[in-house]
Amino acid sequence: MMQDIYFVTLPGVMALDLAGPGEALRLAGAFRLHYVSPQEEAEMSTGLVVGRLQPLPENPAPGSLIIVPGVEHSAENFATPVALVARDWLRRQKTAIERGDITLVCICSGSLLAGQAGLLDGYQCTTHHDVIARLRQQVPAAQVKDNRIFVEDRFILTSAGITAGIDLSLHIISSRLGAQAALDVAREMVVYFRRAGDDPQLSPWLRYRNHLHPAVHRAQNLMAAAPESPWQVEEVAVKSHISSRHLTRLFKQHLGISVRDYHEQLRIAVAGQRLQQGFGIEKAALAAGFTSARQFRRAQERWSES
């Protein structure tokens, strides 16, 4: 039986917030997609105009999902007359969401509109890290979680921005159709890893990239391309065209951690992702380059305590 999904499509909608989840859910083959709005067309963040939008359904079918993608310049675009109509429509769905007849899904800044509609009061939720402070300020009754890919609380799911919407869609597919269906979609979309909700928005691949030193980026690229390899500082330095002493100094200066620590964090992330794919802990540890599950657990403990 096909399940209905309603994408609330407003002016300024982030293109990937709309297209990424839409493509993932389409590929699953069990969902009927509707793009709904108070108006017949909307210009996306990329300038592309989408048309033939359907009206907001007054009574969405039981078992359906309402997805609220984020918009660019959310402070302005969620204050327009069109957005206020959508907000009031969302507010009228509150009882159905609380009963579990409808599931609400917010991607990126979409949480702000749901918050304005009073749907997040008393719920754990998240959003893109750039607007998380605003969500916390605007919806003080919500339990806003920092640095999360997505959060599920009863029948409300919220996610961080952009590609996190795909992670959340894969989670929905897994929950409703099974893990194999989600894996098949991820493979079709060439999404190598499916991140879990409690994975940080800023993974080791991104967290330590806020610098401009080319040699450090070369070293990071090298290790990130093959985290499971037994990288030694000297080898990384040679391939980064720099001395090992200077590389060590640069990592401390620009990243605040050592070369070995950075490599270990990459391995922890890979092992965690393998666990999410259904690997046993020993196999996941070995796939990430650890010598054993015990070594992996010790590494996790070191970073959880830091």
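**Close-up views of a predicted protein chain**

**Figure 1. The whole chain, before we zoom in.** Of the 306 residues of the protein chain, 50% count as buried (buried means under 20% relative accessible area, exposed over 50%, and partly exposed in between, with a 1.4 Å probe and protein chains only). This is a predicted model, in which local features need pLDDT of at least 70 and side-chain atom pairs count only at pLDDT 80 or more, while totals for chains, interfaces and linings use all residues. Residues are numbered from 1 along each chain as its sequence is written, and side-chain values use heavy atoms, with hydrogens and water left out. The protein chain holds 15 helices and 10 strands (DSSP runs numbered from the N terminus: helices are H or I of at least four residues, strands E of at least two). Its C-alpha atoms fill a box of roughly 65 × 40 × 35 Å along the principal axes. Among contacts with a separation of 6 or more, 64% join residues 24 or more positions apart (contact means heavy atoms within 4.5 Å).

**Figure 2. Ser-37, in the loop between strands S2 and S3.** Here we look between strand S2 (31-36) and strand S3 (42-43). Ser-37 has a relative accessible area of 3%, so it counts as buried. Not counting residues up to four places away in sequence, Ser-37 touches Thr-9, Leu-10, Leu-53, Gln-54, Pro-55 and Leu-56. A polar atom of the Ser-37 side chain lies 3.2 Å from the backbone nitrogen of Gln-39 (a polar contact is a pair of N or O atoms within 3.5 Å; within protein, one must be able to donate a hydrogen and the other to accept it, and residues adjacent in sequence count only if both atoms are side-chain atoms).

**Figure 3. Leu-119 and Gly-122, in the loop between H5 and S7.** This loop runs between helix H5 (110-116) and strand S7 (124-125). Leu-119 counts as buried because its relative accessibility is 3%. Leaving aside neighbours within four places in sequence, Leu-119 is in contact with Leu-90, Lys-94, Ile-97, Leu-104, Ala-114 and Ile-156. Glu-98 is 21 residues away from Leu-119 in sequence, with 8.9 Å from C-alpha to C-alpha. Gly-122 is partly exposed, because its relative accessible area is 33%. With neighbours within four places in sequence again set aside, Gly-122 meets Ala-141, Ala-142, Gln-143, Asp-153 and Arg-154. Gly-122 and Gly-165 are 43 residues apart along the chain, and their C-alpha atoms are separated by 22 Å.

**Figure 4. Arg-52 and His-241, two residues with positive phi.** Most residues other than glycine have a negative phi. Arg-52 is not a glycine, yet its phi is near 55°. Arg-52 sits in the loop between strand S4 (49-50) and strand S5 (65-68), and counts as exposed because its relative accessibility is 82%. For a second case, turn to His-241, where phi is about 60°. His-241 lies in the loop between helix H11 (233-239) and helix H12 (244-254). With 65% relative accessibility, His-241 counts as exposed.
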